[in-house]
Amino acid sequence: MSTWHPLCALSDIPANSGVAALVDGTQVAVVRTVDRTGREAIYALANFDPFSKAMVISRGIVGSKGDTPFIASPIYKQRFDLRSGACLDDASVSLPTFPVKIEGGRVAVQA
Amino acid sequence: MGTKTLVVIGNGMVGHKLLATLIERGEAMRWNIVTFCEEPRHAYDRVYLSSFFAGKSAQDLSLLPTPTFYEDHGITVHLGDKAIAVDRQHQVVTSAQGRTIPYDELVLATGSYPFVPPVPGKDATGTFVYRTIEDLEGMMAHAKTSKVGVVIGGGLLGLECASALKNMGLETHVVEFAPRLMAVQLDDGGGAMLKRKIEALGVKVHLNKNTTEIVKTPEGRIQKMVFADKSELPTDMIVFSAGIRPRDELPKEIGLTMGARGGVVVDDHCRTSDPHIFAIGEVALYKERIYGLVAPGYHMATVVADQLAGTSAPATFTGFDMSTKLKLLGVDVGSFGDAMGATPGCHVIGFSDSRAETYKKLVLSADKKTLLGGILVGDASAYGQLHQFMLNQVVMPAEPEALILPSSSGKPAGMGVECLPDAATICSCLNVTKGTICAAIDADNLTEVGQVKACTKAGTGCGSCVTLVKDLIKDTLKKKGITVTNHLCEHFRHSRQELYHLVRVQKIHTFDALLAQHGHGEGCEICKPAIASILASAWNEHVLKGPHRPLQDTNDRYLANIQRDGTYSVVPRVPAGEITPHQLIVLGQVASKYNLYTKITGGQRVDLFGARLEQLPPIWEELLAAGFESGHAYGKALRTVKSCVGSTWCRYGVQDSVAFAIEIENRYKGLRSPHKLKSAVSGCARECAEAQSKDFGIIATEKGYNLYVCGNGGMKPQHALLLASDLDGPTLLKYTDRFLMFYIRTADRLERTATWFNKLEGGLDYLKAVVIDDSLGLGAELEAEMQHIVDTYQDEWRTTVENPEARRHFRAFINSDAADPTVVMVSERGQVRPATWDEKASTLTTASI
Ligand SMILES: Cc1cc2nc3c(=O)[nH]c(=O)nc-3n(C[C@H](O)[C@H](O)[C@H](O)COP(=O)(O)OP(=O)(O)OC[C@H]3O[C@@H](n4cnc5c(N)ncnc54)[C@H](O)[C@@H]3O)c2cc1C
Ligand code: HEM
Ligand code: SF4
Ligand code: SF4
């Protein structure tokens, strides 16, 4: 059974951007969004970009397509649904996601 | 080799065409062919003679597909040997070098020579004609010690010659005897418009001038010209271009029938009065007329080839359409058919616009049904269509003036994507054609670039074709009657231009504020960097300042260029490419210390590759200590201003291109724009810095600098256009300030200056009006906006390393100081390179991905 790994304070992640975390040797992109109404959300998905085969997802731009929140790979700009990891530009590709929570202002992922 | 002998006198353009046609038809094997060539080299392309000044070599201009083309086909060429006598009775040709060649058939292809009016002093040192490569070599040598050049003759060739003199940096004059320029092709209105346009380009035109004397210095050099009206013009160089005369001395001597004013008379088969002698090209007179263009000459060559081959239905020469369209000194001129309106009963429609500097005229038949001819000056874009209408006798619409009036809907001035053929490759990375893309847009009703990418893969490589793809979508949908908007994305129902305006006018300083007031949703990877760029162009705050940071693409976010393996490259600024030995050593030391791959870029600086995120700030610190600063290679911003070595060292240089390039690079460094900006400064017309391929490029002249704009290398190369000539430094910077800010204000997202220009209604004239004449009254505002950028410049690297809050983002992991273990380098050619995926897969455990 995977365990929760404490990572950082929520405030260490600037609003609407991502950071990379090393969790038991696995690279995880942790993304924090704050929408225009001020609502917070946190997501965790693989940092590995299957298109460029580089560990870069956390360095992408965060945005929305309709109601779908996404992060776009900084290399070739494919967009991934932050909730499911599904690639919005290529239905055959999707990123693994990880459980993530905010507790007492701190972020933890399960991996 | 054949049994009968054919002798061709003259190996110019038309003589060559005859030989090439005979070879192509296999006739070269049936004949024993001998040709005399007075010039020291085989036939070359006289039509493109002027390109010799632009650096083309005699070899480049040669018409022979291979140097041994004639020999390979059994043709004997006597180079540098002139035919001096013909014995018609015994059918023998004698040459200057003493060859005697008996012939069965003889072809005269001796061309013409430039007419030099019998003016006293016409042989002064510094007088030239414009016909052969040797003439041009002489002109080039003499121009080096000249300041002023005069062309006598304002015809087509004279103006081409004027263009050459001007490009050699001379103060250029055209002296014309007639009351207008191009008297053969243009009427008074057209000639006047042409004069106005080329005078605006700095060529002085003197009409109604009859040269009576060329005054020489005691050493025999030209001093000045004197005209019949007693006025004078001092000059260092004169080129005669006062018409051509047939080289008909041989035929005259042997008693062939000649025209009253020269030329060998020929019939419909180009046969002279001697049945065994033909004449073709500019020496031949057909129905009282010499045809001084290459196309009719080529037609004559095929007519004679038919005769020699004994073709059963031989072609005939019965005159030729002398319509022309050309660019003289950058001015479009077209003249076709009965341009002067000489046909009895014809109707003339004219349109002249001194603002747009265009003159257009149509000549209609007496029944107003068909087009007989016309003249176009300043804008000859309708030439192809009108010429086709005339040739095919297309019935004219009820209001034919619509064909030449500017359309009120304002059709785009440049060539849009609609002009590209379906076979044109749009995405060269994945080899996708326009046809494929348009078919996909059409079939699946695609409206977004993302959809086109998914469907066709176009734009998924280096991405440079995305603007074209966008234009194709617009164009295709428009053709289907679907209206398309230029909204930035789903979050902003405004174009980039509108958003720029809103940001400026409402003094909006953050993305969130703009989104709250004018947007929808949360933003995306399209609008965030675009608006970050607009904010930077307007207010010039640090791109990593709190709220701006998450808007930036990864390059701007880490002030470095991301590479395929997720590492970054570092490019310090090296203004104009000038670098001290000490700085070079520091670059080497830093690269060695951090194990970086080094490469010289095309932008005259050094790129250090393979830096990991956490290495960037310490690398910058070491570079900053050696006096380097950010080169903004990562930004849609000014990149480099390249320079040649210039007058300090170069023996040809006329200005210090390095110093000026440094000044320009330092002025505009850090300027954010819709796309990257490149510039260059060359120290003289030789253009070693390739300034004409830049967004703005500068070429030094004797008197200052010429400013070129909207050039582009890359996928769709485009030459920059001359915006203004002979500027002093401050004026040039003023124009550049205005030009750049006007571009930043009005361009679409990720639109280079060349693409922007192609869509600009009104084209170059409009741009000149805005930048030079300040027609929009924006000049002072644009300059002030630029001055703000210059005054608020900061080195983004320095600000970042000095700010601990900004620095803390430069680490691989939020929860560990470890380096990214998936970044693996291997060695190649003595340096590192990123390991390929296969190489990595063998060293990394699957757990790590
Ligand atoms: C600068 C320039 C620009 C031009 N631009 C255009 C243009 O844009 N469009 C266009 O249609 N036309 C243009 N022309 C005109 C075009 O070049 C001529 O129409 C064409 O070259 C004529 O070909 P030709 O063979 O009759 O004469 P040439 O090309 O002059 O060839 C005649 C050759 O015969 C040689 N010769 C003469 N006498 C003898 C002899 N006795 N023995 C041996 N050799 C002899 C000459 O030395 C010469 O090499 C231009 C001409 C010039 C000079
Ligand atoms: C839109 C298409 C283009 C793309 C996507 C592109 C991409 C890039 C990238 C990513 C770099 C940075 C390399 C690095 O340091 O990591 C770069 C640098 C460079 N590119 Fe291009 N390029 C394009 C068009 C061009 C064109 C048209 C030219 C030349 C006419 C050109 C010339 C250069 C030069 C000279 C550099 C080095 C610049 C410097 O010293 O800062 N590129 N290009
Ligand atoms: S540097 Fe430019 S030309 Fe070279 S591979 Fe990259 S995008 Fe293509
Ligand atoms: S462009 Fe520059 S380097 Fe080239 S010849 Fe002129 S001054 Fe010299």
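How many salt bridges are there between chain B and chain A? The count is two, a salt bridge being a side-chain nitrogen of Lys or Arg within 4 Å of a carboxyl oxygen of Asp or Glu. This is a predicted model, in which local features need pLDDT of at least 70 and side-chain atom pairs count only at pLDDT 80 or more, while totals for chains, interfaces and linings use all residues. Residues are numbered from 1 along each chain as its sequence is written, chains are lettered from A and ligands numbered from 1 in the order in which they are written, and side-chain values use heavy atoms, with hydrogens and water left out.

**Chain B against chain A**

- In contact, meaning heavy atoms within 4.5 Å, are 46 residues of chain B and 41 residues of chain A.
- The buried area, which is the accessible area (1.4 Å probe) that two parts lose on being put together, summed over both, is about 3,300 Å², and carbon and sulfur atoms give 53% of it.
- On the side of chain B, the residues that lose the most area to chain A are B:Glu522, B:Glu525 and B:Ile814, together 19% of what that side buries.
- One of the salt bridges joins B:Arg808 to A:Asp12, with the closest N and O atoms 4.0 Å apart.

**Ligand 2**

- Around ligand 2 there are 16 residues (a heavy atom within 4 Å), of which B:Gln563, B:Thr601, B:Arg605, B:Asp607 and B:Lys678 come nearest.
- An oxygen atom of ligand 2 lies 2.5 Å from a polar side-chain atom of B:Arg605, and for B:Thr601 a side-chain N or O atom is 2.8 Å from an oxygen atom of ligand 2.
- A side-chain N or O atom of B:Lys678 is 3.3 Å from a nitrogen atom of ligand 2.

Technical notes. A polar contact is a pair of N or O atoms within 3.5 Å; within protein, one must be able to donate a hydrogen and the other to accept it, and residues adjacent in sequence count only if both atoms are side-chain atoms.
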